[in-house]
Amino acid sequence: MEVVIVADEAAAGALVADVMAHHVRPGAVLGLATGSSPLPVYRELIARHAAGDLSFAGARAFLLDEYVGLPQGHPESYHSVIRREFIDHVDLDRVDGPDGEAADIPAEAARYEVAIRDAGGIDVQLLGIGTDGHVGFNEPGSSLASRTRVKTLTQQTRDDNARFFDSVDDVPHHVLTQGLGTILDAGHLVLIATGPTKAEAVAAAVEGPVSAFCPASVLQLHPYVTLVVDEPAATGLRLADYYRFAAANKPGWQAY
Ligand code: F6R
């Protein structure tokens, strides 16, 4: 796992955009996250596209997760969010996500697994991290081998996400999410974490034991992970100085 500590959210967004752009080409399969963390990445990718420096033509994307029972047209469905924050501003027109309105949720989860597999798998998966250590919506206790399925959000996650809704009571209890095993199948995992509220989860994910109690710790089992954190999110990392030294002295030939 490569841990890169940068000054602030803007620097994190720019660096993660570099990593994502490195994978973008016709035929690429991108894994996209929603929530606040990836927004600086999307802003940066949109700016590069607007400047004529980056085209997503011929690429396609899959979302990590979706609320169950929230109409697709709801402004906070991840179907709506990813279009508003990213897709509508670039030339990426094939985007699939779990259908949280499906009549048969287990069948929809199975369909989504097959769709990802039939696309050839995800080349690069963008991730955020929840304050309780979730990735995707794999809450504490999630099987490290799990596949796309329904999960129940913790109260902590519903409280965290209440800012997107009128009230916490409006935050759905259930979600469809790629499993941790699904996420581990992607070729390159890129996690962005910013702000002090993420410090504890980042430290547990990077330096704690691999445990279902901190689902993001499963990233330790993946051979190609880039984890980009800003200074406030890095305060719990015991080896922060080592990560800084490694990043500053990275051989020129070694790409992200
Ligand atoms: C969203 C997702 C979640 C978020 C996490 C952090 O698609 O999969 O894991 O990345 O809840 O959310 P923010 O970035 O809003 O703090």
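Visitor: What gives the most residues to the lining of the second largest pocket?
Guide: Helix α8 does, with four residues. This is a predicted model, where local features need pLDDT of at least 70 and side-chain atom pairs 80 or more, while totals for chains, interfaces and linings use all residues. Residues are numbered from 1 along each chain, and side-chain values use heavy atoms, without hydrogens or water.

Visitor: What makes M1 a lining residue of this pocket?
Guide: Lining residues have an atom within 4 Å of a pocket point. β1 (2-6), β10 (225-230) and α8 (240-248) each give two or more residues. Helices are DSSP runs (H or I) of at least four residues, and strands (E) of at least two.

Visitor: Why is this space called a pocket?
Guide: A pocket is an open set of points on a 1 Å grid, with protein on both sides within 12 Å along at least five of seven lines. Here that space is about 280 Å³, counted as the space filled by probe spheres set on the points.

Visitor: Which classes make up its lining?
Guide: The lining has 13 nonpolar, two polar and two charged residues.

Visitor: How do you know that L237 is in contact with V3?
Guide: Contact means heavy atoms within 4.5 Å. L237 meets that with V3, I5 and Y243, among others, leaving aside neighbours within four places in sequence. L237 is also one of the residues that touch the most other members of the largest nonpolar core, which has 78 residues. Helix α1 (residues 9-23) gives the largest share of this core, seven residues. Core members are buried and joined through side-chain atoms within 4.5 Å, with buried meaning under 20% relative accessible area (1.4 Å probe).

Notes
1 Å grid on protein atoms, 1.4 Å probe; cavity = no way out; pocket = protein on both sides within 12 Å on 5 of 7 lines; lining within 4 Å. Nonpolar A, V, L, I, M, F, W, Y, C, P; charged D, E, K, R; others polar. Buried < 20%, exposed > 50% of the residue type's maximum accessible area, 1.4 Å probe, protein only.
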